[in-house]
Amino acid sequence: MSISTLSVRRRTLLQAGLALGASQAVGAPFVVRALGDEPVKIGMVNPLTGVLSALAQSEVDGAKYAEAEINKKGGILGRQVQLLVEDSANDVGTGVQKTRKLIDRDQVNAILGDVNSGIAYAMSQVTNEKKVFHIVPGGHTDPITGTNCKWNVFRVCNTTTMDAEAVTPELVKKFGKKWFFVTPDYAYGHTLQDAFVKALTKAGGSYEGDMLPINNTDFSATLIKAKAYKPNVLLNNMGGLTQINCMKQFTQFGMQNEMGLGGALFELESVKGCPPEAQTGWWTYEWWWNQPNVPEVVKFVADYRAATKNTPSARVWFGYVSMHTVRLAAEKAKSLDGPKLAQALEDMELPPDVALQPGKVIYRKGDHELMPNIFVGEVHPPKGNADDVFTASTLVPGEQAAGSVADTGCKMVEPS
Amino acid sequence: MSMAIASLGGRLPMQAGRRELALIAVWTALLTVPLWLPLLGGYTALAGRVLVFGLAAMGLNMLLGFTGVLSFGHAAYFGLGAYGAGLTLRYLVHSTPLAMLAGTLLGGLAGTLFGLLIVRRRGVYFAMCTIAFGQLWYYLAYSWNSFTGGFDGLRDFQREAINLGPFTLHIEDGGTVFYFFLLAIFAVAVAVMGVVLRSPFGRTLLAIRENERRARFLGIPVERHIWLSFSISCFFTALAGTLYALLNNFADPLTLHYSLSGYFVVMTVIGGMRTFWGPLLGAAVFVVLQDYISSMTVNWMSFVGATFMLVVLFFPRGLLGTLRRRVQV
Amino acid sequence: MTQLILFNVTNGLIIGAFYVLMALGLSLILNLSNVINFAHGNFLALGGYLAFTLSPTLGYWGALLVSPFLTALIGLAVERLMIRRIYNRDPVYSLLLTFGLAFVMQDAARYIWGPNGLPMGLPAVLAQPITSDLFFITYYRIFMVTVVIVAVVGLFAFLRYTRVGLRIRAGTFDLETVSTLGVNVRHLRTFNFALGCLLAGLSGVLAAGQIGLNPNMGDELLMPSFIAIIVGGVGSLIGTLFGGLLIGMAAALTTVVYPSASEAVIYAILMAVLLIRPRGLVGEEGMLS
C-alpha cells in the first residue's frame, strides 16, 4: 500500500471523526436507539467529601433507594431512571463545574443539590440559565425560596423561619422567655437567629447571645457568659460537629441543671455522634422515622431497613422525596421539559407514600417551598433501638410556621 | 512533520524548529477545543477551568520555576482577584473589563506589599509565611458577612456583555463565546509573561535560581529581583482569579484557601516546574483527573493525593521536564 | 468582672496548652528536617481514631497510652518509605509530599471510620466539673493540661539530658557537622519525625475526648499551630511554647468582648509579629532564613 493511500485513508478517518465530533458538539442527537430506551437522567451534586459528607451521603442514599423503587414500578413516563451522582467537595467552583458537566455532557433532565446552601445557590444560577428543573433537597438558606427564588428551583427542606416559628411556642411554654443564643457567624446562623428573635419578641421575651466562628471548637467562654445571664433556655444554633461539641460542653459543665436547652435542627446523624448525656433538648425535625400511626411510614421504614440495614433520617427522606417529585411532576406534565415540570409542580400535593406523614404536604406555588409538618419534640438517649432518640410532642403544619409568600420576599419571575 | 520543516526552507536548527512546532501544537489544540473536547467526554466549561488554573499556575511558576522561590500561598492573590472582580460587579459598576482590572490590581498590590515584608526570608520560613498570609485573607473573606457574603460566598453578580463599539461580546451566555474570550485573555497574558521571561530581567531571575550567592557576588540586587518576581507573579495569578469569578459568577472563600495554593504548586510540578508551558499541561492533567475520578468514586482524594506523592517521588521534573530530558538525551 | 476575666485567662491557658502540644510536634519536625508536615493534623486524627478503636479492648487509659506510640510507628514508616527520599531536594517537594499525604490520610480515615462524627467515651470520673463555682473546669480539662505539662517537660528534658536529644538539638543548628561527627543522621531524622508524630497522636487522643472524632478534625488545628510557630519564632521550641499559649489566651479573651473575632485575633497577632519582629518573639536572627 502506497504512502499516499495511507494518508488519504488517515485523512478520511480524521474528517469522519471531526464530523462525528462536530455533530455531537452541535448537539444533534445521534439517534440509533428508540427514544423509549434512553433513560431519564437525574443529576445529583452533593458534598460527598468534606465536613458535610455525612448529611450528603444520607441524601444520596435516599435518592438511590428511590431510584430503585421507581424503576421497579416502571420508571418515569415509561423510561428507566438513572441517577448520576457528582461530588461538589464542598467547593463552589467544583459544584458549578459538575452541574455544567451534568447538563452539557450528560444531558440530565433534572438537577438535585446541594446541601451547602452557597453551592445550591450558585448551581441555581446555572440551572436557571439553562432552563433545567432543579430541586434543592437539603440546603437551608432562606433566599433560595425567598429573595432569590427562581421559577425552576424548588426546595424540600424547611426555611429557618419555619423551624424557628415552629419550636418557639414550645420552648416558651416549657422553659420561659429569657433566652441565650449560641449562633454561628454566617448567613444560615444569622437568618436563624433573626427568625428566632422575631418569634420570641412576638411572645414578649428577651435575649442575649454570642456569634461564634463557624468552626469554633471551644465554647467555655460563651457558656460562662450564658451562665452569668441566667436564661430560661440556651439556644444551640450551631451546626454539624460544632453543635455536638457545644452540647457536650454544656452537659459537662452541668448547665442542664440550671436551664433548658433547645434550638432548631439537631439532626439524627449529629445526635448519634453525641455521648448519651449530651443527647438532650427540644428541637425540630423535618421528618422523623418513628410514626407508628402512619402505615405508609411503618412500611417505608421496614423496607428501607431491610434494604440498607440503616434507619432513614430526615436527609434520607429529602433525597427520596426529591426523586419522586421529579417523577410526579413528569407524570403530571407528561413531559421532561424544564418549564413544564416547574409549572406542574406548583401547588402539587404529595401522595401519602411519598409524603410519609399525616396531613397535606404541598409545594407552595408562590415560593416553591415544600410545606410538610414540622416535628417538634425532645431528644433523649436511645430507648431500646439505637435510633430511637427523639419523641415528637407536636406536629406544626409547615404553612402555619412559614408565614405568607410576601414575608419571604419572593417575587417569582416566570420563564421567558 | 519533515514536510513541514522542508517547506520552511531547508534544515533548521533543532531548537528553533521545535519551539515553533510546540507553539503551533499548543495553540491549535487550544483553538479547537470546542470541537474535540466533547469527543473525549469533556465539556467546554472544563476547558475554561483548565485555562484559568493554567494561567494561575503559570503565574506561580514565574516565581517557583524561574526564580526558584517557593510560595505556598498564591491562592490568596487568586482569591483576591476573584473577590475584587465580584465586588466590583456587584457594588460598583456592571462592567467586565473594569471588574477584571479591579481584581487584578487588588491581588497584585496585596502581593506586592506582602512581598516587601518577607523578601529577606527564604526556604520553608518564606513558604510558611505565604501560607499564613493566605489564610488571613481566607479568614477575612469568610467572616466579613455583610461585605463578602461570608462563608456562603459572594453572589448576585454576573459577567456582563462587553461592548466593543461596532459589536458586543455576549459572554454572559457562557459556552463557546466565553471560552474564546478566556482564551484571548490567556493569550495576551501568556505573551506578556513570555516577553518578561525572555528579557534581561527574566534571565537574571534564572541566575538567581541557579545560584543565589553567585548572583549576589555579581552585584545583582537579589532581594529586589525576588520581590519584583513575586509581585509580577501575583498580578498574573490575580488576573486568573478574576477570570474564575467570571467563569462561575461566584466568588467563595475556598478560592483563598491553602489547599488551592497547594493545587497550583502541584499543577506546576506535574507539568514541569522549569518549563514555560508545563503548568498549563499540569493544570489540564489535574483538572481532568479530578473531574474524571471524582465522578467514579467517592475516594477520589486518595487517588489524587497518591498521584501527588508519586509525582514528587518518581517524576519530580514533571511531564514536560521528563520529556525534554528524553529528547535531549 | 474580675471573676469573668480570671475565668477566661484560665480558660485561655487550657486552650493554649492544647495548641502547644500540637505545635511542638510540628516544630520538632520542621527544625531538624526542614519539612513542613501538612499531614500533621491527619496524624492527630489518626491518634484519636486509634484510641477510639482500641478503647473497647484496652480501656480509656490503655488506649491513651498505646495510640500515640502506634501513631509514631506509622509516622516512622511514612518517613522511611517516602519522606527520606526527598530531604536533599528543593523544599517544594517535601511540602507537596506531605500535602498529598494529608489527602490520602484524610480519605483513609473517612473510608475506615466513616464520615460521621464519632463520640469518644471518657471515664465518668473525668467528665465532671471540679467544683460548682469553677464549673467550666472539668476534671478532663485539668487532666488534659496535666498531660500536656508532663509531655512538654518530658520533651524538654529528653532534648536536654539524653544523647539523642542532644543530637537532635545539634542537628537543628548544623546537621552536616553532626553527621561528620559520626552520628547516623538518617536514623536521627526518622526518630525525630516519629517523635513529632507521637506528640500529634497524643494531641489527637486528648482532642477526641474534648471535641469528638471526625475525618476533618486535624485541619482546624493545623493553621493555629503554624501561627504559634511563626509567632514564637521558627527554630525555637520555647518560642513555640510561648506562641501557643499566647494565641490560646488571645482567642479566649477575645471571646469575652467580641466572640466572632476570636479567630481573627490569631491572624492579627501573626501580622503584628511579621511587621514588627519577623523573627518571632523568641526566635533567633538567621534561623532558617
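Analyst: Start with chain B. Take its contacts with a separation of 6 or more: 73% of them join residues 24 or more positions apart. Two residues are in contact if their C-beta atoms, placed from the backbone, lie within 7 Å.

A word on the source. This is a predicted model, in which local features need pLDDT of at least 70 and side-chain atom pairs count only at pLDDT 80 or more, while totals for chains, interfaces and linings use all residues. Residues are numbered from 1 along each chain as its sequence is written, and chains are lettered from A and ligands numbered from 1 in the order in which they are written.

Chain B has 16 helices and 2 strands. Helices (H or I, at least four residues) and strands (E, at least two) are DSSP runs, numbered from the N terminus. Of its 329 residues, 54% count as buried. A residue is buried if 20 or more other C-beta atoms lie within 10 Å of its own, exposed if 12 or fewer, and partly exposed in between; here too the C-beta atoms are placed from the backbone. The C-alpha trace of chain B spans about 60 × 50 × 50 Å along its principal axes. A compact globule of 329 residues would have a radius of gyration near 20 Å, and chain B agrees, with 20 Å. That radius is taken over C-alpha atoms, and the globule rule is 2.2 Å times the number of residues to the power 0.38.

Now compare chain C. Its secondary structure is 10 helices and 0 strands. The box around its C-alpha atoms is roughly 60 × 50 × 35 Å, taken along the principal axes. Of the 289 residues of chain C, 57% are buried. In chain C, residues 24 or more positions apart make up 74% of the contacts with a separation of 6 or more. Its radius of gyration is 19 Å, which agrees with the value near 19 Å for a compact globule of 289 residues.

Next, the core. The largest nonpolar core has 325 residues, and Leu96(C) and Ile230(C) have the most contacts inside it. Such a core is a set of buried Ala, Val, Leu, Ile, Met, Phe, Trp, Tyr and Cys residues joined through C-beta atoms within 7 Å. Helix H1 (residues 2–33) of chain C gives the most to this core: 16 residues. Domain 1 (33–158 + 291–371) and domain 2 (161–285) of chain A both give residues to this core, so it lies between them. Look at Ile230(C) itself. Beyond its neighbours within four places in sequence, its contacts include Met128(B), Cys129(B) and Ala132(B). Leu270(C), Val273(C) and Gly280(C) are also among them.

Chain A touches chain B as well. Here 31 residues of chain A are in contact with 29 residues of chain B. Several elements of chain A each supply at least two residues to its side, among them helix H3 (92–105) and helix H4 (117–129). H3(A) provides the largest share, 8 residues. That side of chain A divides into 12 nonpolar, 10 polar and 9 charged residues. Ala, Val, Leu, Ile, Met, Phe, Trp, Tyr, Cys and Pro count as nonpolar, Asp, Glu, Lys and Arg as charged, and the others, Gly among them, as polar.

Chain A is split into domain 1 and domain 2. These bounds come from an automatic or database domain assignment. The C-alpha centres of the two domains lie 30 Å apart.

Some details of the chain A backbone follow. A cis peptide bond joins Gly113(A) and Asp114(A), with omega about 10°. Asp114(A) sits in the loop between strand S3 (110–112) and H4 of chain A. Two residues other than glycine have positive phi. Asp347(A) has phi of about 65°, and this residue is exposed, with 10 other C-beta atoms within 10 Å. His368(A) has phi near 65°, yet His368(A) is buried, with 25 C-beta neighbours inside 10 Å.

Last, confidence. Chain A averages a pLDDT of 87, and 91% of the residues score at least 70. pLDDT is the predictor's confidence in each residue, from 0 to 100. Over residues 1–33 of chain A, pLDDT stays under 50. Where pLDDT is low, the predicted coordinates should not be read in detail.
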